[in-house]
Amino acid sequence: MKTFLKLLFLIPIIVVAGAAALANRQLVTIFFDPFPDSSASGPQIEAPLFLVLFAALMIGVFIGGVATWIEQGKNRRDARRTRAELRRLSAERARLGLQPSSGNRTNG
């Protein structure tokens with residue numbers, strides 16, 4: 001079922017990306033000189049438009065992933081601290097010979 005849903009999601013994306021690649025095969029020139037002069041000399045490349053679009057998309061996904069990873073650093077740090085405290089408390093409970101509580105206490 002999981003594979004079917006993955007294919008159901010990915011196949012339309014692949015079809016649209018393939019159609020975009022076929023429709024945008026013309027060469028474009030990418031200039032890397034931020035201050036071009038009238039002669040337009042400087043670092044530049046020529047590539048099909050679909051490659052430029054796909055590269056920009058992949059770079060954007062990568063930058064978004066890195067930004068999300070950095071943003072969630074505090075949560076990962078808190079989880080590490082909580083796991084360390086849980087290990088410490090479990091070791092202390094074992095040292096004292098206490099049994100884990102079942103959660104069903106009766107005061108009778």
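Mentor: Buried means under 20% relative accessible area, exposed over 50%, and partly exposed in between, with a 1.4 Å probe and protein chains only. This is a predicted model, in which local features need pLDDT of at least 70 and side-chain atom pairs count only at pLDDT 80 or more, while totals for chains, interfaces and linings use all residues. Residues are numbered from 1 along each chain as its sequence is written, and side-chain values use heavy atoms, with hydrogens and water left out.

Trainee: In what order do the elements of the chain run from the N terminus on?

Mentor: Helices (H or I, at least four residues) and strands (E, at least two) are DSSP runs, numbered from the N terminus. The chain has 3 helices and 2 strands. From the N terminus on, the order is α-β-β-α-α.

Trainee: How are H2 and H3 oriented to each other?

Mentor: Axes are lines fitted to C-alpha atoms, for helices over the stretch in contact, and angles run from 0 to 180 degrees between N-to-C directions. Helix H2 (residues 49–71) packs against helix H3 (residues 73–96) with the axes 4 Å apart and an angle of about 40°. Angles under 35 degrees count as roughly parallel, over 145 as roughly antiparallel, 65 to 115 as roughly perpendicular and the rest as oblique. The two helices, H2 and H3, are therefore oblique.

Trainee: Which residues in H3 do Trp69, Ile70 and Glu71 meet?

Mentor: Contact means heavy atoms within 4.5 Å. On the H2 side stand Trp69, Ile70 and Glu71, and their partners in H3 are Gly73, Lys74 and Arg76.

Trainee: Which residue forms an aromatic pair with Phe50?

Mentor: Rings of Phe, Tyr and Trp (its six-membered ring) pair if their centres lie within 6.5 Å; planes under 30 degrees apart count as stacked, over 60 as edge-to-face and the rest as tilted. The structure holds 1 aromatic pair. With 6.0 Å centre to centre and 70° between the planes, the pair is edge-to-face, and the partner of Phe50 is Phe54.

Trainee: Is Phe54 buried or partly exposed?

Mentor: Phe54 has a relative accessible area of 29%. Phe54 is therefore partly exposed.

Trainee: With which residue does Glu92 form a salt bridge?

Mentor: A salt bridge is a side-chain nitrogen of Lys or Arg within 4 Å of a carboxyl oxygen of Asp or Glu. The closest N and O atoms are 3.6 Å apart, and the partner of Glu92 is Arg88.
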